[in-house]
Amino acid sequence: MAALFKLAYVVLAFLVVVAPYAAEGAIPCSMVFGKLSPCLGYLAGGPLNPLCCPGLRGLVSMGKTTHDRQTVCNCLKISAKGSNIKPGKAASLLRKCGVSIPYKISPDADCATVCHRVGLRI
């Protein structure tokens with residue numbers, strides 16, 4: 001549990017420092033991180049919070065334009081660099097929540113190529 005709080009503090013500190021510079025689009029990184037905050041425990045190896053999937057679906061539905069989707073991708077890429085997100089957990093989270101995006105949540109994501117419509121499977 002202490003590790004989860006430590007991760008939360010790291011993410012919050014990261015938001016304060018990086019969010020204003022990370023995105024120029026209509027979707028700020030602080031909003032991306034806020035939507036995904038219930039997912040942090042799962043991404044670090046813990047159980048899935050019931051609030052995680054609705055937040056993730058809401059985030060995906062906000063990506064109306066290519067620029068918005070690239071902005072979200074860059075925010076996720078920054079987040080993956082600055083935390084202990086496990087790549088396998090990120091991929092399984094997308095499946096568990098019924099969400100598809102055209103890139104991996106990883107520090108190596110090529111967000112410049114994101115142009116496809118993301119989708120929700122209901």
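## Helix H4 against helix H6

In H4, the residues Cys52, Cys53, Leu56 and Arg57 meet Leu93, Leu94, Lys96 and Cys97 of H6. By type, the residues of this contact divide into 6 nonpolar, no polar and 2 charged. This is a predicted model.

How do the two helices lie? Helix H6 covers residues 87-97. The axes of H4 and H6 are 10 Å apart, and the helices pack at an angle of about 90°. An angle from 65 to 115 degrees counts as roughly perpendicular. H4 is therefore roughly perpendicular to H6.

## Helix H4 against helix H2

H4 spans residues 52-62, and helix H2 spans residues 29-36. Their axes come within 7 Å and cross at roughly 150°. Angles over 145 degrees count as roughly antiparallel. So H2 and H4 are roughly antiparallel to each other.

Which residues make the contact? From H2 come Met31, Val32, Lys35 and Leu36. From H4 come Gly55, Leu56, Leu59 and Met62. The residues of this contact divide into 6 nonpolar, 1 polar and 1 charged. Leu56 of H4 takes part here, and Leu56 is also listed in the contact with H6.

## Disulfides

A disulfide is a covalent bond between the sulfur atoms of two cysteines. How many disulfides does the whole structure hold? A search finds 4.

Cysteine 29 lies in helix H2, and cysteine 75 lies in helix H5, which covers residues 66-81. The pair therefore ties together parts that are 46 residues apart in sequence. The torsion about the S-S bond of cysteine 29 and cysteine 75 is about -90°, so this disulfide is left-handed.

## Rings

How many aromatic pairs does the structure hold? The count is 0.

Technical notes: Residues numbered from 1 in each chain as written. Predicted model: local features only at pLDDT ≥ 70, side-chain atom pairs only at ≥ 80, totals over all residues. Heavy atoms only, no water. Axes fitted to C-alpha atoms, helices over the stretch in contact; angles between N-to-C directions. Helix = DSSP H or I, 4+ residues; strand = E, 2+ residues; numbered from the N terminus. Parallel < 35°, antiparallel > 145°, perpendicular 65-115°, else oblique. Contact = heavy atoms within 4.5 Å. Nonpolar A, V, L, I, M, F, W, Y, C, P; charged D, E, K, R; others polar. Phe/Tyr/Trp six-rings, centres within 6.5 Å; stacked < 30°, edge-to-face > 60°. Disulfide = S-S within 2.5 Å.
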